[in-house]
Amino acid sequence: MQALSVQQPWAFAIARGGKSVSNESVPTAYRGPLLVHASMRVDLKACDSPLIQAAGWDPRDPLATIGAIIAVAELDGVCSAAVRGGSCDCGPWAEPGAHHWHLGGVRALPRPIVALGRSPGLWEPKPALVTEISTMFAATAALDHSS
């Protein structure tokens, strides 16, 4: 499993708002589960973006925190057409000139887990962090089935 640090409010938009593309400066061959880490940096200009507002941005939401894992997604593929000046059909979240990392199966964590991240690019989370996230999802599923 790998992790990706993303500035707020973009991380929130992935976790809660249906943002299915992460715009990155480099491609990756990695495919599979990806922890979404809200970095310690905030893109203040983006908070007023119509896309972010449509995603339900709320700075009071626990998933609007910084310095924590807030979601798990699948990194399904990467489109690099826009980097080469070509056109692509990656949707409204895709920025020109970036590699578009396609995220699917996004699951927001029931609560953020404080963690140090790294930028730029992918990083490998500590096994204890992965175990904590798995345990959290299992406990939530057990509660859902019992009610």
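Five nonpolar, one polar and three charged residues make up the lining of the second largest pocket, with Ala, Val, Leu, Ile, Met, Phe, Trp, Tyr, Cys and Pro counted as nonpolar, Asp, Glu, Lys and Arg as charged, and the others, Gly among them, as polar. The model is predicted, so to speak of local features requires pLDDT of at least 70 and side-chain atom pairs count only at pLDDT 80 or more, while totals for chains, interfaces and linings use all residues. Residues are numbered from 1 along each chain as its sequence is written, and side-chain values use heavy atoms, with hydrogens and water left out.A pocket here is an open set of points on a 1 Å grid over the protein atoms alone, where a 1.4 Å probe fits, with protein on both sides within 12 Å along at least five of seven lines; lining residues have an atom within 4 Å of a point. The second largest pocket has a volume of about 180 Å³, and its lining includes Trp123, Glu124 and Pro125. For the largest pocket, the volume is about 450 Å³. Its lining holds 21 residues, with Ser5, Val6, Gln7, Asn23 and Glu24 nearest the centre. Strands S1 (2-8), S2 and S3 (32-42) each supply at least two of the lining residues, strands being DSSP runs of E with at least two residues.

In S2 (residues 21-24), Val21 and Asn23 point one way, Ser22 and Glu24 the other, and all are buried, that is, under 20% relative accessible area with a 1.4 Å probe and protein chains only. S2 runs antiparallel to S5 (residues 99-114), joined by four bridges; serine 22 has tryptophan 101 as its bridge partner.

No disulfides are found, a disulfide being a pair of cysteine sulfur atoms within 2.5 Å. For cysteine 79, the nearest cysteine sulfur, in cysteine 90, lies 3.6 Å away. The sulfur of cysteine 88 is 3.5 Å from its closest cysteine sulfur, also that of cysteine 90, which is too far for a bond.

Notes: Buried < 20%, exposed > 50% of the residue type's maximum accessible area, 1.4 Å probe, protein only. Pairing = 2+ DSSP bridges. Points joined across faces, edges and corners; volume = space filled by probe spheres on them.
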